[in-house]
Amino acid sequence: MAGEAPVAAAAAATTTTTKTTTTGSIESHKKNRIQVSNTKKPLFFYVNLAKRYIQQHNEVELSALGMAITTVVTIAEILKNNGLATEKKVLTSTVGMKDENKGRFIQKAKIEIVLGKSEKFDSLMIASAPAPAPALAPASEAATKDND
């Protein structure tokens, strides 16, 4: 389509990419956005990824469509209840798209939750970090100890 070429060229030239939806609106893909799916990854994959995004960007945007909305809400609640994040913004909307099975235009529910870094985030992350493994003795030292 001729109308999409300038958008693709502009997206390649910037660090924030854009996508034209079927409704013609332009969505930006931020570096701190996680688009959650019900079927692709386990829940705690997204929880740990959100922690990493909060560490790097001081906030994370969780986004989902349809049946994955409950997963996004669960992720947000886990992070909030553990004291790692605070809720900044919740947006709900509908998105028009083509149904893959029936080939018709349908509306899907969409949620976006923006979570910010809590004041206790850094201290909680340090407390939950695994202890470093003890250093192993070199093989030569271990052999001499056995001979004693």
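Which side chains meet in a salt bridge with a distance of 3.7 Å, N to O, one of them being K110? The partner is E112, whose side chain meets that of K110 at this distance. A salt bridge is here a side-chain nitrogen of Lys or Arg within 4 Å of a carboxyl oxygen of Asp or Glu.

The model is predicted: local features need pLDDT of at least 70, side-chain atom pairs count only at pLDDT 80 or more, and totals for chains, interfaces and linings use all residues. Residues are numbered from 1 along each chain as its sequence is written, and side-chain values use heavy atoms, with hydrogens and water left out.

The chain contains five helices and six strands. Helices (H or I, at least four residues) and strands (E, at least two) are DSSP runs, numbered from the N terminus. Read from the N terminus on, the elements follow the order α-β-β-β-α-β-α-β-β-α-α. Contacts, meaning heavy atoms within 4.5 Å, show how the chain is connected. Among contacts in the chain with a separation of 6 or more, 62% are between residues 24 or more positions apart.

Of the 148 residues, 30% count as buried. Buried means under 20% relative accessible area, exposed means over 50%, and partly exposed lies in between (1.4 Å probe, protein chains only). The chain exposes about 10,100 Å², and carbon and sulfur atoms supply 56% of that area. Accessible areas come from the Shrake-Rupley method with a 1.4 Å probe; for residues, only the protein chains shown count as cover.

The salt bridges come to seven by the rule given above. E112 forms one of them with R33, where the closest N and O atoms are 3.7 Å apart. E112 belongs to strand β6 (residues 105-117) and R33 to strand β3 (residues 33-35), so this pair ties together parts that are 79 residues apart in sequence. Both E112 and R33 are buried. The relative accessible area of E112 is 15%, and K110, its partner in the opening question, is buried as well, with a relative accessible area of 11%. A network of salt bridges links R33, E61, K110 and E112.

A further salt bridge joins D122 and K117, with the closest N and O atoms 3.4 Å apart. Here D122 is partly exposed at 42% relative accessibility, and K117 is likewise partly exposed, at 26%.

The aromatic rings come next. Rings of Phe, Tyr and Trp (its six-membered ring) pair if their centres lie within 6.5 Å; planes under 30 degrees apart count as stacked, over 60 as edge-to-face and the rest as tilted. A search of the whole structure finds one aromatic pair. This pair consists of F45 and Y46, which are edge-to-face, with 5.4 Å centre to centre and 80° between the planes. F45 is partly exposed, at 36% relative accessible area, whereas Y46 is buried, at 4%.

F45 also has a charge over its face: K41 lies there at 5.0 Å from the ring centre. A charge sits over a ring if NZ of Lys or CZ of Arg is within 6 Å of the ring centre and within 35 degrees of the ring normal.

One backbone feature remains. N58 has a positive phi of about 65° although it is not a glycine. N58 is found in the loop between α2 (43-57) and β4 (59-65), and it counts as partly exposed, at 43% relative accessibility.
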